[in-house]
Amino acid sequence: MSVHKEIKRITTNTIQEMKQKGEKITMLTAYDYSMATIVDEGGVDVILVGDSASNVMAGHETTLPITLDQMIYHAASVVRAVKHALVVVDLPFGSYQGNSKEALNSAIRIMKESGAHAVKLEGGAEVRESIERIITAGIPVMGHLGLTPQSIYKFGTYTVRAKEEAEAGRLKSDVLILQEAGCFAIVLEKIPAKLAAEVSNSLKIPTIGIGAGQQCDGQVLVINDMIGLTKGFKPRFLRQYLNLFEEINRAVQSYVKDVKSKSFPNEKEQY
Ligand code: KIV
């Protein structure tokens, strides 16, 4: 039987056991109670309350504006729904980059006020001290390397990272630093599949890829993109399983038509 089915509640240990047994890890984002209920019942291993909420929930162009209070609100809504998955919450931009004490305080707020099980933060060597301090307080940390959207204004574009040797070399050194610092897993976003494979094979902890090829130990997608709620967003790495934008749009049009034509509500739909 797979580790995923044996275990009632997924923990960071389960995730690491999956890597050892060669069982792929599934991760999806969720930001609210209703969606988290569906995603959890669907059997996903990890639910990420991503700071992509800034884009898909609040309509911002980047992940930078979302605040710690807003992340806690989303995370607490998700935690209330989840019975099986491990819930990981992004530390938002500006809540951990200052110094390790600030990082620890932000992580503690997330854990205390939302009931989540772990935090995620972006970066390599530069956030090592913060990761160590958070883990010392008993809070599991997931790393995030490659395309790190909180640094979008440094990169200038959302294109594939680490194609050049120098950046690939930095990434290889950063994954080892994150593993040594105690991260239980690392997200690899938008890097060449060959590099992701090499890095995944070199680590004891699992990698979870988005646009990083099939050799990662697990995969993650933003739920709104995966079910086709995000209009016009279709990068190469995205497999879209539904087109909910079109389906919901059709339902709304039918509702408008029914109310205007006085066919809704009918005799049976009233008291
Ligand atoms: O915020 C997010 O949704 C993420 C995933 C893309 C990994 O960080």
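User: What makes Ile-186, Leu-188, Val-199, Ser-200, Cys-216, Asp-217 and Gly-218 count as residues that Thr-207 touches?

Analyst: Contact means heavy atoms within 4.5 Å, and Thr-207 touches each of those residues, leaving aside residues up to four places away in sequence. Bear in mind that this is a predicted model, where local features need pLDDT of at least 70, side-chain atom pairs count only at pLDDT 80 or more, and totals for chains, interfaces and linings use all residues. Residues are numbered from 1 along each chain as its sequence is written, and side-chain values use heavy atoms, with hydrogens and water left out.

User: Why is Thr-207 called buried?

Analyst: Buried means under 20% relative accessible area, exposed means over 50%, and partly exposed is in between (1.4 Å probe, protein chains only). Thr-207 has 0% relative accessibility, so it counts as buried.

User: What makes the pair Thr-207 and Ser-200 a polar contact?

Analyst: You need a pair of N or O atoms within 3.5 Å; within protein, one must be able to donate a hydrogen and the other to accept it, and residues adjacent in sequence count only if both atoms are side-chain atoms. The side chains of Thr-207 and Ser-200 make such a contact at 2.7 Å.

User: How do you know that Glu-17 and Lys-21 form a salt bridge?

Analyst: The rule is a side-chain nitrogen of Lys or Arg within 4 Å of a carboxyl oxygen of Asp or Glu. For Glu-17 and Lys-21, the closest N and O atoms are 3.5 Å apart, and they form a salt bridge. They sit four residues apart in helix α2 (residues 12–21), so about one helical turn separates them. Helices here are DSSP runs (H or I, at least four residues), as are strands (E, at least two), numbered from the N terminus.

User: Is Lys-21 buried or exposed, and why?

Analyst: Lys-21 counts as exposed because its relative accessibility is 53%. Glu-17, at 28%, is therefore partly exposed.

User: What makes Glu-180 and Arg-128 a salt bridge, and which parts does the pair tie together?

Analyst: Their closest N and O atoms are 3.2 Å apart, and the two form a salt bridge. Glu-180 is in helix α9 (residues 165–181) and Arg-128 in helix α7 (residues 128–136), so the pair ties together parts 52 residues apart in sequence.

User: How do you know that β6 and β7 pair?

Analyst: Two strands pair if DSSP finds at least two bridges between them. Four bridges join β6 (residues 185–189) to β7 (residues 207–210), and these strands run parallel. Val-187 stands opposite Ile-208 in β7.
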